[in-house]
Amino acid sequence: MLHDHHAPHASQSHAQEAQTTIPSRPLHASDIDEALRTPIRALPFEAYLSQGEAAGLRWSLHRQDVLRVLWDSDRPIGAYEIAQSLGADGVPKHPTIIYRCLRALEDARLVIPVISWKRFVISPDPAAACWGLLLCKHCRRHLAVDLTAQQARLNTRLAGRGFQPRAVSVEAEGLCNACQVH
Ligand SMILES: [Zn+2]
């Protein structure tokens, strides 16, 4: 599956980075092991506000509300669920508003789209340009893996073959450790 709304600036920065610091070689299993060993935790909420400002995002109340719902959630959630939770007196917000907010938050790299589930999660680190997502189909929890360095290597390999990648997405659906024992 290939998809990433951040493609234009991500590709450019990766290409520059790759030329100077990333050796051109294929992906190895150890790359993934290294990424899996890296502890991933969500930042404090205020850190996302300042990261968004640094990325040029204007913080409307709606955007802050949508971000907080995602920040509070321990599993991927979709626009309709967000609309319901933000609704006043049982009347949900219009999903179009939520989608606009999600797109802006995604462009600022504050949230990550879960393409195969049509949902979103908070980004553990807005500085990272490429995430792999491990999705448990039983408990619906997820683990995000920083694949920025691996994507840079992949881009370098593809560029060597005359291909310009605009979007890369890695999602693995299966069972987490806890759900395998049931
Ligand atoms: Zn699970």
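Trainee: Which conventions apply to the numbering and to the predicted model?

Mentor: Residues are numbered from 1 along each chain as its sequence is written. As the model is predicted, local features need pLDDT of at least 70 and side-chain atom pairs count only at pLDDT 80 or more, whereas totals for chains, interfaces and linings use all residues.

Trainee: What pLDDT does the protein average?

Mentor: The term pLDDT is the predictor's confidence in each residue, from 0 to 100. The protein averages 81, and 77% of the residues score at least 70. Over residues 1–25 the pLDDT is below 50. Beyond near neighbours in sequence, that stretch has 45 contacts in the model, a contact being two residues whose C-beta atoms, placed from the backbone, lie within 7 Å. Where pLDDT is low, the predicted coordinates should not be read in detail.

Trainee: In what order do the strands of the open sheet lie?

Mentor: Strands of a sheet pair through backbone hydrogen bonds, either parallel or antiparallel. Strands (E, at least two residues) and helices (H or I, at least four) are DSSP runs, numbered from the N terminus, and two strands pair if DSSP finds at least two bridges between them. Here 3 strands form an open sheet in the order β4-β3-β5, with mixed pairing. The edge strands, β4 (142–146) and β5 (170–174), each pair on one side only. Direction ignored, neighbouring strands of this sheet are turned by 15° against each other on average.

Trainee: Which residues stand opposite each other in the sheet?

Mentor: Strand β3 (residues 131–136) runs antiparallel to β4, joined by 5 bridges. Leucine 135 has histidine 142 of β4 as its bridge partner, and tryptophan 131 stands opposite aspartate 146 in β4. The hairpin of β3 and β4 has 5 residues between the strands, and arginine 140 takes a positive phi near 65° there. With β5, β3 pairs in the parallel sense over 5 bridges; leucine 133 stands opposite glutamate 171 in β5.

Trainee: At what angle do helices α4 and α5 pack?

Mentor: Axes are lines fitted to C-alpha atoms, for helices over the stretch in contact, and angles run from 0 to 180 degrees between N-to-C directions. Angles under 35 degrees count as roughly parallel, over 145 as roughly antiparallel, 65 to 115 as roughly perpendicular and the rest as oblique. Helix α4 (residues 61–72) and helix α5 (residues 79–86) pack at about 110°, with axes 10 Å apart; α4 is therefore roughly perpendicular to α5. Asp65, Val66 and Val69 of α4 make the contact with Ile82, Ser85 and Leu86 of α5.

Trainee: How does α5 pass α6, and which residues meet?

Mentor: A crossing is left-handed if the near helix is turned anticlockwise from the far one by less than a right angle, and right-handed if clockwise. The crossing of α5 and α6 is right-handed. Ala79, Tyr80, Ile82 and Ala83 in α5 meet Pro95, Ile98, Tyr99 and Leu102 in α6. By class, this contact has 8 nonpolar, no polar and no charged residues; Ala, Val, Leu, Ile, Met, Phe, Trp, Tyr, Cys and Pro count as nonpolar, Asp, Glu, Lys and Arg as charged, and the others, Gly among them, as polar.

Trainee: How do the axes of α4 and α6 cross?

Mentor: These axes come within 9 Å and cross at roughly 80°, so α4 and α6 are roughly perpendicular to each other.
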